[in-house]
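Please go through the terms used for the pockets and helix packing of this model, and set each value against the rule behind it.

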Amino acid sequence: MRPIKIRVENVSKVFGRDPATALAKIRAGLDKTRLKEETDHVLGLHDISLDIRAGETFVIMGLSGSGKSTLIRHFNRLIEPTAGRILFDGDDILAHDAARLQALRRRKVAMVFQRFALLPHKTVAENVAYGLTLDGVPKAEALRRAADQIALVGLGGFETSYPAQLSGGMQQRVGLARALATDAEVLLMDEAFSALDPLIRHDMQVQLKELQGRLGKTIVFITHDLDEALMLGDHIAILKDGMLRQVGTGAEILARPADDYVARFVRDVNRGRILLCGAFADAGVMADVEAPVIGAEATLETAFAAFAGGAQVVAVRNGDGRMAGSLTAQRVMQALARV
Ligand SMILES: Nc1ncnc2c1ncn2[C@@H]1O[C@H](COP(=O)(O)OP(=O)(O)OP(=O)(O)O)[C@@H](O)[C@H]1O
Ligand SMILES: [Mg+2]
């Protein structure tokens, strides 16, 4: 398995004048609403533990106010926890001195915001190179590296344009190029695509996936959009009122929601596109040799074609070539109907 890049250990965050006392009340059973009413403190996060692995896209989901931004801002210590630890490559970042913290923020982590604040009087290339020049990279070298990133996000030819001459989607891509240009190992993307219209948003999702495959960055991605989460996320965490309700792959969460809240959250998803054949194959029954064969990692939707062709049973084969079992049309229907 890939090494752990960011480990979040029992992190709690309370906003207010006396967070420690307020947290003790939460631990004694007070809920977020009553904490606010009785003490005027706000519970941001409560006892969150999770691991983000190197090279994965880890999506954080939840309704407005559930603690997504609060969580992601702990990863470069823009916010410090009231309790708990954050480990980055195994090191406790709360123990970093000023120099190490600056190195973390400049070299290891880059942030992309919903509306990336581009510098209006600088060109696209200067905007992208900005972080590098701040970091002491000579200007010519910074511009050369910026040009590579600009090409990567599909904005070649716009190097000398100013932000105001670009559409919102293009500006967003400049923001992404700027984050990529820093060579940071981790990209923190807080609703980075939420302001884009659906077609551009889809293009950006495809592009991000493709870039990640190529560059192997670790990406932490916040979104409200379940389809976006399922498309991008190797793992998805669902927060509610500062608490972690479930972490898993999209397929795991859909197949086995941890509670009613998560089940309602994922209710309207097209399950055929997410659930995998392997999870529903009956290992006790092998299909006939003539049965169509489908991969365990194929989505249920992929099996539709075989059933439409008249098959009643398909054989499911694992990645290593061994047969996993059989899958009937009825079983697929049951999975889609949540039976
Ligand atoms: N600086 C702060 N001071 C006081 N309360 C805060 C502060 N920052 C966040 N909060 C509170 O913490 C909770 C979580 O906020 P957060 O911004 O993390 O939510 P979010 O999930 O990112 O929401 P959204 O989807 O609207 O961006 C909210 O109740 C919010 O009011
Ligand atoms: Mg937020």
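**Pockets and helix packing**

With four residues, α5 gives the largest share of the lining of the largest pocket. The model is predicted, with local features needing pLDDT of at least 70 and side-chain atom pairs pLDDT 80 or more, while totals for chains, interfaces and linings use all residues. Residues are numbered from 1 along each chain as its sequence is written, chains are lettered from A and ligands numbered from 1 in the order in which they are written, and side-chain values use heavy atoms, without hydrogens and water.

Q: What makes α5 oblique to α6?
A: Helix α5 (residues 124–134) and helix α6 (residues 139–152) pack at an angle of about 120°, with their axes 8 Å apart. Angles under 35 degrees count as roughly parallel, over 145 as roughly antiparallel, 65 to 115 as roughly perpendicular and the rest as oblique, and that makes α5 oblique to α6. The crossing of the two helices, α5 and α6, is right-handed.

Q: Why are α6 and α7 called oblique to each other?
A: Their angle is about 130°, with the axes of α6 and α7 9 Å apart, and α6 and α7 are therefore oblique to each other. The contact (heavy atoms within 4.5 Å) is made by Arg145, Gln149, Ile150 and Leu152 of α6 with Ala177, Leu180 and Ala181 of α7.

Q: How do the residues of the contact of α6 with α7 divide by class?
A: They divide into five nonpolar, one polar and one charged, where Ala, Val, Leu, Ile, Met, Phe, Trp, Tyr, Cys and Pro count as nonpolar, Asp, Glu, Lys and Arg as charged, and the others, Gly among them, as polar.

Q: Which residues lie nearest the centre of the largest pocket, and how many line it?
A: The lining has 20 residues, of which Arg105, Arg106, Val109, Gly131 and Thr182 lie nearest the centre of the largest pocket. About 510 Å³ of space lies in this largest pocket, and its lining has ten nonpolar, three polar and seven charged residues. At least two lining residues each come from α4 (98–108), β6 (109–112), α5 and α7 (168–181).

Q: What is the volume of the second largest pocket?
A: The second largest pocket has a volume of about 230 Å³, and its lining includes Lys209, Asp234 and Arg273. By class, the lining of the second largest pocket has five nonpolar, four polar and three charged residues, and α9 (226–232) and α10 (250–255) each supply at least two residues of that lining.

Conventions. Axes are lines fitted to C-alpha atoms, for helices over the stretch in contact, and angles run from 0 to 180 degrees between N-to-C directions. A crossing is left-handed if the near helix is turned anticlockwise from the far one by less than a right angle, and right-handed if clockwise. On a 1 Å grid over the protein atoms alone, a cavity is a set of points where a 1.4 Å probe fits but cannot get out, and a pocket is an open set with protein on both sides within 12 Å along at least five of seven lines; lining residues have an atom within 4 Å of a point. Grid points are joined across faces, edges and corners, and a volume is the space filled by probe spheres set on the points.
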